[in-house]
Amino acid sequence: MKTYSVAVVGATGMVGRKMIQVLEEQNVPVGDLRLFASARSKGQTLYFRGEPHYVHELTEGAVRKCKADFALFSAGAAVSEMYAPLFASLDTVVIDNSSRWRTDQSVPLVVPEVNASDLAKHKGIIANPNCSTIAAVVALAPLHRAYGIKRIVYSTYQAVSGAGRRGYDDLQNGINGEPPKKFPLPVFGNVLPHIDAFLPNGYTKEEEKMMFETRKILGEPALRITATTVRVPVFYGHSESINVEFSTSVTAESVRKTLQKAEGVVVMDDVEHGVYPTPRELADRDEVFVGRIRKDESVESGVNLWVVADNIRKGAATNAVQILQKLIALS
């Protein structure tokens, strides 16, 4: 079997570590694994398939010596802006988890279950979408294909790990009564309708990301979408209440049957027996879970969905590895 050289940039972070875990679990044919992080993480040792791997400091010189086939990035927009083009110039295909390239129309923004065909358009860099967007579009794309979506209303309930280690620590420390360091207000025992910076129009960057990215991934630049994104005191797993209005007639049952056949979706929808998705029970899973499927009786053709996915796995690491697997299959 042919093997590939893979670099992980931001290897010591939450998503970087999960990328390494998923590469191993999915038995991706990695022959050589190179790990990169900031100067403060240089020299750490991480394990892959039982073997220790040294963490290198990310520098131009180290990148030029790397000679990787693929690079998985999860180190923030500034690092991606500096180093993704460098890797790409050396014939390494970059799969970037930051926000830096998502709005660039020349860079594919890919969720493999939805728009894997866009991978053929890449010029060395592929963008991994926002974690909340990934979960949403895996559920919405098959419905859009079947019934045509007219309008989407997003309301999200996002885990603290979506803000990285410092966000996770704010909740953990808040349980012990310590003040927040990452979030503007305590998140323990609280909900914060504030993810990323506020914009002049009153939306946050996170809300704008969901709206823009959904349109780009579905290939519908004029699709009507609005969003409210909220941080909740949950360690792992984003939950989303999604209201969808369609162009053609639907029923809750037709939507349920469509989702039951959809790639990457697990329907958990038996409320009479207390069956619906929750983030705690579904942590560290790769699928997108959908429940509470019901008719929106306020419009002619609409439904409400409750969508849950692990934001660190499917919302970041797993989606990036799935992109890598698609690229390998195409090579």
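Student: How many disulfides does the structure hold?
Tutor: This is a predicted model. A disulfide needs two cysteine sulfur atoms within 2.5 Å. The number of disulfides here is zero.

Student: Is C66 buried or exposed?
Tutor: The cut-off for buried is under 20% relative accessible area. C66 has 4% relative accessibility, so C66 counts as buried.

Student: And C131, buried or exposed?
Tutor: The relative accessible area of C131 is 16%. Buried means under 20%. C131 is therefore buried.

Student: Which strands stand at the edges of the open sheet?
Tutor: Seven strands form this mixed sheet, in the order β3-β4-β2-β1-β5-β6-β7. An edge strand has a single partner, so one side is left without a neighbour in the sheet. The edge strands are β3 (45–48) and β7 (125–127).

Student: What is the bridge partner of V6 in β2?
Tutor: Strands β1 (residues 4–9) and β2 (residues 30–37) run parallel, joined by six bridges. In β2, V6 is partnered by L33.

Student: What angle does the direction of helix α3 make with that of β5?
Tutor: Helix α3 (residues 77–89) packs on the sheet. It touches β1, β2, β5 (70–73), β6 (93–96) and β7. Its direction and that of β5 make an angle of about 175°.

Student: How far apart are the end C-alpha atoms of helix α7?
Tutor: Helix α7 (residues 205–218) has 14 residues. At 1.5 Å a residue, α7 should span 20 Å. The computed distance agrees: 20 Å.

Student: Which residue follows α7?
Tutor: Buried residues of α7, including M210 and L218, pack against elements including α5 (131–147) and β9 (224–231). After α7 comes a residue with positive phi, near 70°. That residue is G219.

How values were computed. Residues numbered from 1 in each chain as written. Predicted model: local features only at pLDDT ≥ 70, side-chain atom pairs only at ≥ 80, totals over all residues. Heavy atoms only, no water. Buried < 20%, exposed > 50% of the residue type's maximum accessible area, 1.4 Å probe, protein only. Pairing = 2+ DSSP bridges. Helix = DSSP H or I, 4+ residues; strand = E, 2+ residues; numbered from the N terminus. Contact = heavy atoms within 4.5 Å. Axes fitted to C-alpha atoms, helices over the stretch in contact; angles between N-to-C directions. Expected span 1.5 Å × (residues − 1).
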